[in-house]
Amino acid sequence: MTNISGSRTQTAASNHVDRVPHYLLLKKLVQSRDNVSDDLQSQLDILQERLFSKQQEFEEALATIASRNSENSDLQHQLIDLEKKLAKQESVSRRLQMEIEDTSGLIKKLKLS
């Protein structure tokens, strides 16, 4: 502030600021920055741990998927083999049924004659 004569007068607050060495202000600013930096670093560390955990879960899930795909493929082959066996057994069953019917017919003819 300036008075009527143009000379500078100081208030109590500005007088206190002038008395505080600049290095103390700078030190407070650096400490504040360091505290923010430490907080951000700790948050980053937590996020990295979570990311690592999620990466492990993802890799385990991929391994499980690959294993189940392999099992699925094996089961499909087994199903195809079983369907072939069933078709073969049905064919044999039809053939045997026809033989039984033929034999029954022959037995009836023999009884009648």
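**Group meeting talk: salt bridges and a surface patch**

Let's start with Lys54, which is exposed, at 52% relative accessibility. Exposed means over 50% relative accessible area, buried means under 20%, and partly exposed is in between, with a 1.4 Å probe and protein chains only.

A word on the model. It is predicted, so local features need pLDDT of at least 70 and side-chain atom pairs need 80 or more, while totals for chains, interfaces and linings use all residues. Residues are numbered from 1 along each chain as its sequence is written, and side-chain values use heavy atoms, with hydrogens and water left out.

Now the overall picture. The protein has two helices and zero strands. Both terms are DSSP runs, numbered from the N terminus: helices are H or I with at least four residues, strands are E with at least two. How many of the 113 residues count as buried? The share is 0%. The protein exposes about 10,800 Å², and 59% of that comes from carbon and sulfur atoms. Those areas come from the Shrake-Rupley method with a 1.4 Å probe; for residues, only the protein chains shown count as cover.

Back to Lys54. What does Lys54 pair with? Its salt-bridge partner is Glu57, with the closest N and O atoms 3.9 Å apart. A salt bridge here is a side-chain nitrogen of Lys or Arg within 4 Å of a carboxyl oxygen of Asp or Glu. Why can such pairs form? Side chains of opposite charge can pair when their charged atoms come close. Lys54 and Glu57 both sit in helix H2, three residues apart, about one turn of the helix. Glu57 is partly exposed, at 42%.

The whole structure holds three salt bridges. Take Arg95 and Glu99. Their closest N and O atoms are 3.0 Å apart. Both lie in helix H2, four residues apart, again about one turn. Arg95 is partly exposed at 44%, and Glu99 is partly exposed at 40%.

Then there is Arg33 with Asp34. Their closest N and O atoms are 3.0 Å apart. Arg33 is exposed, at 52%, whereas Asp34 is partly exposed, at 32%.

Last stop, the nonpolar patch. Which residues form it? Leu26, Leu29 and Val30 do, on the surface, with about 270 Å² of accessible area together. Patch residues have over 30% relative accessible area and no salt bridge; like charges are joined within 9 Å, and nonpolar side chains (Val, Leu, Ile, Met, Phe, Trp, Tyr) within 5 Å. Leu29 belongs to helix H2, residues 22-112. Leu29 is exposed, at 57%.
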